[in-house]
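Here's a quick walk through one structure, from a few helix pairs to the ligand site. Have the viewer open as you read.

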Amino acid sequence: MSRLIIVSNRLPFSIDHEGDEFKLRQSSGGLVSALKSYFESNHTQEEISEKIWLGVADFPQDDWDKATLMESGGYGFDVRPLFVDKQLYNDYYNGFSNSVLWPLFHYFPTLVQYPASYYEAYVQINKRFCKELASMLRPDDIIWIHDYQLMLLPQMLRLQRLDAVIGFFLHIPFPSYEIYRLLPNDWKKGLLQGVMGADLIGFHTHDYVQHFIQSVKMILGADTYFHTLQYQNRFIKADLFPIGIDYKKFNNAASDPEVVEYKSEIKKNFDEKKIIFSVDRLDYTKGIMDRLNGFELFLEQGPQWKEKVVFVLNVVPSRDDIQTYNDRKRQLEEKIGTINGKFSTISWQPIIYRYQHLPFHELSALYQMADVALITPLRDGMNLVAKEFVASSYSRTGVLILSELAGAASELNEALLVNPTDVNDIAINIERALNMPLQEQRNRMVLMQRRLQEYDVVKWVNDFLDQLKETKKEQQKLTVKTLDEKAISAICRHYAETKKRFFLIDYDGTLVPIRRLPSEAVPDEKVKDFLASISSDPDNHVAIVSGRDAGTMEKWFGYLPITLVAEHGSSIKMRNESWQQLVTVSDQWKDEIRRIMQIFVTRCVGSFIEEKTNTLAWHYRNTQVDLGFARSRELINNLSQLIQNTPLQVIDGNKVVEIRMAGFDKGTITLRILSEAQPDFVLCVGDDTTDEDMFKVLEDSAYNVRTYTIKIGNRGTAAKYTLPSQQHVMPLLTRLQSCVNPQKANYKIDKQ
Ligand code: GDG
């Protein structure tokens, strides 16, 4: 049995007290709504025996001690409040979290403030969380850390507990690399390293996952393969988990007596008027000013709506100790006054504005009574209000107008999607929504409801926790062993027992060291003699699987009885046969790619382009290390965008970026040649990213022959074993021959 420890900046409630009376008050906010619903449901994971919520208390220790009634929570979880120094908390929360990360991650870089003291406080508070957690952790605990206030915590905890199961979820957008890189160097590196301490990192949308992976690649240089990242010898997964809502709670609220009563009050007050509704925390990201401008334009352009429509605008107080927030409040209230002053009649006011937190029954009644929900954030991680409005529509009518820049837009395609800064777009869509036929409203609602019902908050939590467990299992599988004496002896024994052995050997960086220029990496007599010797054994079949062009391969090895694979599988010469060209499509794509690579050659002294029949490669092995690496990230980025929807692929190789036809890789060709050869022993060795394709197909459980995949170097790999460097390759292969020919036994890995 495990304990689930939820860690978030704040606890999900405050304490109100009058005299000796202490009362819990639930905080508003997306995370609280979601997790509270999950804890109250009966569908938590079976193996979770206890739930604990750790967060900073916004009440004094004294109140907590008195309110002992809360020990058991009443919410179905234990509470661990953290009491921290007020000034420090202020610099961490209002400072770094909400005046650096919040504006930057929501694409408001001009609002970011950069005092060093903010980051220092952020480090300190993250450390406080770490200390508290470390003191309470048990071996089987599952730790789930939430949101941008605690980005350093996963790594801090990892350093204390190497085996801990740690999940991290970011509730706000992860911005594009161009925005993220605006952070000072230490901060941007520190935050990413911090998050990478987790085993599983969750985001709301595919875009945020991609942005994160790109930043990790560009800034930390981590290896990535789809959603798996390899960093400092650990495998980490980043994936999307679009948060769901408590669908039933909102859908069933229609029969709640309090809701029914409040609805009849609304009906009485607004009569037959159409209702437009919005509710958000007071925050510049929520786009309230542009929304008001859009509504004003709609009223100007549609005088026929006079006295027939009312906009119920509810703003929830938030972060009022940050100046930017107060300024916005004043500006919004002025704007509301202007619109009401301009359009009101003696019996009608177009905007009903409230600045308060609504009780649930009022919120729910307004969701149900609204003809239109107008939700137009300038950026929003997800936006639960949009989902709650859809779930509340028991009659399946009502129209959702939603910003295309909210995470929810990627799931709620049937909403009227608007650009939140385009007031004209907002005005047009208000008009469109108010005129939308009932049948169309229903068609759209039904589809959105079905989706929300299927992936509700319980599914969201369980999905995340299941994936976390899976990631842990995968990590164990991916653990790579250094090829040691014991493993070599085992390979030797197997070698001696078998009669149909197959060797798949990469060339550059494997048989010969990487040289300054590819033309310098010519095979010497030792390599040639070895290849001649190993291939002379009739029980052995050797294939050199290279990225080199066929002409060079033929010149160097054409006379030997071995198989040659050129350009990663674009052409092949099977042992004792002639060359076969496998890629037959036009190479016109090369002109555009060459032009871009040429720009990088100019910008990065020492780099050069290598052109092969089906491949263009930009080599940066001769450049200044940091510059070459940074430029290679940019080139990969540019090329990846350019080749979208084409049959090309970009390969991030060892000091080389290559582009070539997809579908012709070392993995595909490996399967092809092995299916013909039917061996009973396979040994595959390589050093590069392109060799990973061979390792993967050979390590795939569907491939039944006993295989030995060996990667040179310690970068992330799908291979079973690693060798420390290229110099170990020839001695190892020579030693294998000695297993049937003992006088060649001169290689002991432990002595290297
Ligand atoms: C962050 C991300 C992401 C709001 N006003 C009242 C009220 N609420 C409840 C809503 C909803 C929640 O608060 C707000 O959630 P959002 O998703 O809209 O926004 P954030 O609080 O900024 O949340 C966001 C979320 O995390 C989850 O990952 O979606 O993008 O910024 O549940 O119902 N509830 C009541 N009265 C109110 O006046 N009772």
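At what angle do helix α23 (residues 666–677) and helix α24 (residues 692–699) pack, and how many Å apart are their axes? In this predicted model, the angle between α23 and α24 is about 50 degrees, and the axes sit 7 Å apart. As for handedness, α23 passes α24 in a right-handed crossing.

Two further helix pairs are worth a look. Helix α19 (residues 525–536) and helix α25 (residues 729–738) have axes that come within 11 Å and cross at roughly 30 degrees. Angles under 35 degrees count as roughly parallel, so α19 is roughly parallel to α25. Here the crossing is left-handed, with α19 passing α25.

Then there's α14, which pairs with helix α16 (residues 438–454): their axes come within 9 Å and cross at roughly 110 degrees. Since 65 to 115 degrees counts as roughly perpendicular, α14 ends up roughly perpendicular to α16. α14 passes α16 in a left-handed crossing.

Keep α14 in view, as it leads on to the ligand. Which element gives the most to the shell around the ligand? It's α14, with 3 residues. At least two shell residues each come from α1 (30–40), β12 (274–281), α13 (360–369) and α14 (384–392).

In total, 22 residues surround the ligand, and the closest are His171, Leu358, Asp380, Leu384 and Glu388.

Now for some distances from ligand oxygen atoms to the protein:

| Residue | Protein atom | Distance from a ligand oxygen |
|---|---|---|
| Leucine 384 | polar backbone atom | 2.8 Å |
| Arginine 281 | N or O atom in the side chain | 2.9 Å |
| Lysine 286 | N or O atom in the side chain | 3.5 Å |

So how much of the ligand's own surface does the protein bury? Taken alone, the ligand exposes 730 Å², and the protein buries 92% of that.

If you're going back to the viewer, leucine 384 is a handy place to start: Leu384 is among the closest residues to the ligand, and a polar backbone atom of leucine 384 lies 2.8 Å from a ligand oxygen.

Key
Residues are numbered from 1 along each chain as its sequence is written. This is a predicted model: local features need pLDDT of at least 70, side-chain atom pairs count only at pLDDT 80 or more; totals for chains, interfaces and linings use all residues. Side-chain values use heavy atoms; hydrogens and water are left out. A residue is near a molecule or strand if one of its heavy atoms lies within 4 Å of it. A polar contact is a pair of N or O atoms within 3.5 Å; within protein, one must be able to donate a hydrogen and the other to accept it, and residues adjacent in sequence count only if both atoms are side-chain atoms. Accessible areas come from the Shrake-Rupley method with a 1.4 Å probe; for residues, only the protein chains shown count as cover. Helices (H or I, at least four residues) and strands (E, at least two) are DSSP runs, numbered from the N terminus. Axes are lines fitted to C-alpha atoms, for helices over the stretch in contact, and angles run from 0 to 180 degrees between N-to-C directions. Angles under 35 degrees count as roughly parallel, over 145 as roughly antiparallel, 65 to 115 as roughly perpendicular and the rest as oblique. A crossing is left-handed if the near helix is turned anticlockwise from the far one by less than a right angle, and right-handed if clockwise.
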